[in-house]
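Please have the sequence and the model open while reading.

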Amino acid sequence: MNKLVLITGATRNVGYAMAEKFASQNYDVIITSRSAEDAQAAAAALQEKYPQVKIHPMEMQLSSMEHICECFRRIAREHGHLDALVVNAAHLAINTNIMNVTPEDYDRIMTPNLKGNFFLCQKATELMGEGGAVLFISSVHANQCIPNRILYSMTKAAINALCRSMAVELGHKGIRANAIDAGAIWTERWIGLSDEEIARRRKPYPAGRESKPEEIAEGAYFLCSDAARTITGTELVIDSGVSTTLLTYDANWHKNAGGPAGQEPPRAPRGTGK
Ligand SMILES: NC(=O)c1ccc[n+]([C@@H]2O[C@H](COP(=O)([O-])OP(=O)(O)OC[C@H]3O[C@@H](n4cnc5c(N)ncnc54)[C@H](OP(=O)(O)O)[C@@H]3O)[C@@H](O)[C@H]2O)c1
């Protein structure tokens with residue numbers, strides 16, 4: 001029987017690249033999305049490429065605890081087990097700062113990012129039983145902050161604390177928990193950026209560029225695999241060295257900040273993935 005991994009928000013970008021890596025290593029993969037249609041399209045594309053494994057699409061609403069429970073009842077019924085969980089989906093909390101976030105913005109952004117992910121982990125590790133791996137896709141912004149991403153930094157710092165606590169609490173059951181603190185990653189949001197803008201973004205990175213989704217996926221697979229069987233409660237930094245340097249600070253950042261808090265970025269057509 002193949003091992004089974006569930007990856008949240010895996011229809012594009014980093015999530016899709018991780019789904020592809022696990023599929024290439026003979027894992028069956030559950031791809032979740034808030035959209036059943038997007039999950040089906042991404043799963044169909046991967047299934048065609050990796051016919052030796054099973055790719056299962058699943059709509060999952062991380063803002064609804066009842067829906068998370070319903071998804072896990074279904075996974076238990078249909079598969080009876082889960083070997084690995086990758087906590088990837090996140091509200092990116094763009095344009096959130098200490099001055100503009102309302103209580104409604106806070107709940108809309110932090111409910112999936114914290115409460116949803118907490119109960120996702122609870123349900124997933126219940127199903128793992130005696131042995132499994134949990135991986136959080138975190139960020140250098142858990143520690144190093146930039147203006148106007150306050151709820152993102154809070155999310156990632158909390159996720160890393162959740163990771164360490166789970167490692168401590170679930171070690172006796174053979175369940176490991178780790179995180180990847182990623183620096184910038186090339187995603188569909190980079191499509192159409194000017195050469196000057198790309199050069200500006202790459203400038204603070206000692207290794208000269210952002211990571212590719214596939215490079216994050218390599219680390220993700222390693223941490224979930226048996227090769228990492230004694231690695232738990234840790235953060236693997238994959239950031240081209242950016243967190244080793246002092247970033248420049250823009251004292252005028254607030255003069256350019258505007259627009260609604262937490263607006264989601266525009267999307268490229270689905271399935272571009274990389
Ligand atoms: N891109 C980077 O530079 C970078 C750097 C460091 C860390 N990371 C982390 O890496 C992970 C993947 O990043 P990415 O750039 O590949 O992100 P992404 O594609 O924008 O987001 C991943 C998925 O999260 C889901 N999502 C977004 N908002 C959500 C919400 N409010 N509730 C539930 N799900 C939501 C979306 O899936 P559906 O729309 O299909 O539901 C989305 O496809 C994230 O945890 C991110 O914080 C990214």
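This is a predicted model: local features need pLDDT of at least 70, side-chain atom pairs count only at pLDDT 80 or more; totals for chains, interfaces and linings use all residues.

The count of disulfides in this structure comes to zero. C69, for example, takes part in no disulfide, as the nearest cysteine sulfur, that of C71, is 9.2 Å away.

**Cysteines**

- A disulfide is a covalent bond between the sulfur atoms of two cysteines.
- In this work a pair of cysteine sulfur atoms must lie within 2.5 Å to count as a disulfide.
- C224 counts as buried because its relative accessibility is 5%, and the cut-off for buried is under 20%.
- C69 has a relative accessible area of 22% and is therefore partly exposed.

**The ligand and its shell**

- The ligand is surrounded by 25 residues, and the closest are S33, N88, Y152, R189 and R267.
- By type, the shell around the ligand consists of 10 nonpolar, 10 polar and five charged residues.
- Three elements, α1 (13–24), β5 (132–139) and α5 (150–170), each supply at least two residues of this shell.
- β5 provides the largest share of the shell, with three residues.

- An oxygen atom of the ligand lies 2.6 Å from an N or O atom in the side chain of R189.
- At I185, a polar backbone atom is 2.9 Å from an oxygen atom of the ligand.
- At V14, a polar backbone atom is 3.2 Å from an oxygen atom of the ligand.
- The ligand taken alone exposes 870 Å², of which the protein buries 92%.

**The residue N88**

- Where in the chain is N88 found? N88 belongs to the loop between β4 (84–87) and α4 (103–128).
- Is N88 buried or exposed? N88 is buried, because its relative accessible area is 13%.
- The side chain of N88 reaches the backbone oxygen of G9 at a distance of 3.1 Å.
- Leaving aside residues up to four places away in sequence, N88 touches I7, T8, G9, V14, G15, M18 and I137.
- N88 is also among the residues closest to the ligand, and V14, which N88 touches, has a polar backbone atom 3.2 Å from a ligand oxygen.

Conventions:
Residues are numbered from 1 along each chain as its sequence is written. Side-chain values use heavy atoms; hydrogens and water are left out. Helices (H or I, at least four residues) and strands (E, at least two) are DSSP runs, numbered from the N terminus. Buried means under 20% relative accessible area, exposed over 50%, partly exposed in between (1.4 Å probe, protein chains only). A polar contact is a pair of N or O atoms within 3.5 Å; within protein, one must be able to donate a hydrogen and the other to accept it, and residues adjacent in sequence count only if both atoms are side-chain atoms. Contact means heavy atoms within 4.5 Å. A residue is near a molecule or strand if one of its heavy atoms lies within 4 Å of it. Accessible areas come from the Shrake-Rupley method with a 1.4 Å probe; for residues, only the protein chains shown count as cover. Ala, Val, Leu, Ile, Met, Phe, Trp, Tyr, Cys and Pro count as nonpolar, Asp, Glu, Lys and Arg as charged, and the others, Gly among them, as polar.
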